[in-house]
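Work through the exercises below with the sequence and coordinates open. Try each task before reading its solution.

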Amino acid sequence: MPRAWPCPPYANQCLALVKNSTLAIAIGYQELMAVINTAITQTGLALEGITLAVAAYLGLALALGGALSAWNARHARHGPGDSHGARLGERPALRLLAREGRGISGWLGAALTILLLAAAGWALLDWALLRAVWSGSPATCAAAAGACWAAVGENLPLLLFGAMAPADRAQALVACAALLAGVAVALGVGRLAARPRLAWIALMVAVTAAALGGWPWGGSAIGPLRWGGLLVTLILAIAALLAALPLAFGLALLRRGGSPGGSLAAAALIEAVRGVPLVTQLLFASFVLPLLLGGGVSKFGMALAALTLHTACLLAEVLRGALQAIPPGQMMAARALGMRPAVAYWTVIWPQARRIAAPAALGVFVGAVKDTSLVSIIGVFDVLGAAKAVVAGTDWRPYHVEVYLAVALLYFGASLALSRVARRMEGPAAS
């Protein structure tokens, strides 16, 4: 039974509510980050503007995070036998509400809900499939009463490849197919054993590198500056997740370690990064890093670094909450049996922490995939940037709902695939 309620993942969600206000910049709403971005554009004072934004959001995050950390420290002092008041279902008010929800009124409410959902589902099906237009020109869509999926089909090359030159699209398509095949096998498609799975993943990585390097087609290498569309989204998501996992594990162990200096440094980094919105971090990387480093860093590299660090800090708190929920006596028992600390963590602590952290880690994984859409703010042309380019034209602008729905389905599919990772993490052993 967990020793303490894992507050750190809950703190991630509370801080996300504060930080997500910056996403209003994507639709032109003048919230704080949008005002600061406008001021930077007009005055050129990038360092001062970004410093102001970081200070504002970091102050809010530290106040909220400090309160939650104090709550977590107080809660973690108690064992599983302690009871802090009545359970949620034992409260008299909730029992009264539960009794009132039964009977005829409850059945009528349920029937009405089902009827409303059925009517809404039929209307959506009629618009999306029965009366939809699947091919043709904007004039054909204008005369139809349903969805215009032709806007997606006619602009599919732009959505898949962005602004990439037609000569580079074949190589990019091979790279995307290899990445998707490798991810599918990594998520359990085919039910391969460990060694064949690793061999297949290595082969797909080699095919991706060869395609982007121009071999064996004899073409020129395609660097990050020429990437666009689906290729950017896939590489950003996969690279950020793979790089964030070991970094998050190291930060979680360092923050829980016995060294005060290391714990303080890890806590400072985690709180600073997770307390500042990713939009602000991307703008910092775009405006300030070139001033500090003198240029030479691509926008793709800066976006990847910001996304990796942001994901790692969020995941580190999830892992810390899971490690906190495991009774310390288990590590002492493993050490008493002669296990070294690394072996004890890997064989005793980590299997339990992995299962506890799985649901919250899934939220971080899905958030990292969705956060790749924010890189369009600094000019990296991903799938969302390609969708914006499609609806920017006057011909297909009336059908922006269909274009954005297609992009939403792409991210939804990625989220469903990542749910397999969470189920595997909850299993009794890593496969």
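**Exercise 1: helix α12**

The buried residues of α12 are G262, S263, A266, A267, I270, E271, V273, R274 and G275. Buried means under 20% relative accessible area, exposed over 50%, partly exposed in between (1.4 Å probe, protein chains only). Helices (H or I, at least four residues) and strands (E, at least two) are DSSP runs, numbered from the N terminus.

The model is predicted: local features need pLDDT of at least 70, side-chain atom pairs count only at pLDDT 80 or more, and totals for chains, interfaces and linings use all residues. Residues are numbered from 1 along each chain as its sequence is written, and side-chain values use heavy atoms, with hydrogens and water left out.

Solution. 

**Exercise 2: cysteines**

Task: find which cysteines form a disulfide (a pair of cysteine sulfur atoms within 2.5 Å).

Solution. 
- Step 1. Searching the whole structure gives one disulfide.
- Step 2. The pair is C141 and C148, with sulfur atoms 2.0 Å apart.
- Step 3. The angle about the S-S bond is 55 degrees, and the C141 to C148 link is right-handed.
- Step 4. C141 and C148 are both buried.
- Step 5. C176 is buried because its relative accessibility is 5%. C313 is buried too, at 0% relative accessible area.

**Exercise 3: two packed helices**

Task: describe how α13 packs on α15.

Solution. 
- Step 1. Two packed helices are described by the angle between their axes and the distance between the axes.
- Step 2. Axes are lines fitted to C-alpha atoms, for helices over the stretch in contact, and angles run from 0 to 180 degrees between N-to-C directions.
- Step 3. The axes of α13 (residues 278-287) and α15 (residues 299-324) come within 9 Å and cross at roughly 145 degrees.
- Step 4. Contact means heavy atoms within 4.5 Å. From α13 come L278, Q281, L282, A285 and S286; from α15 come M302, A303, A306, L307 and H310.

**Exercise 4: D168**

Task: is D168 buried or exposed?

Solution. 
- Step 1. D168 sits in the loop between α8 (156-161) and α9 (169-186).
- Step 2. Its relative accessibility is 6%, so D168 counts as buried.
- Step 3. Neighbours within four places in sequence aside, D168 contacts I222 and R226.
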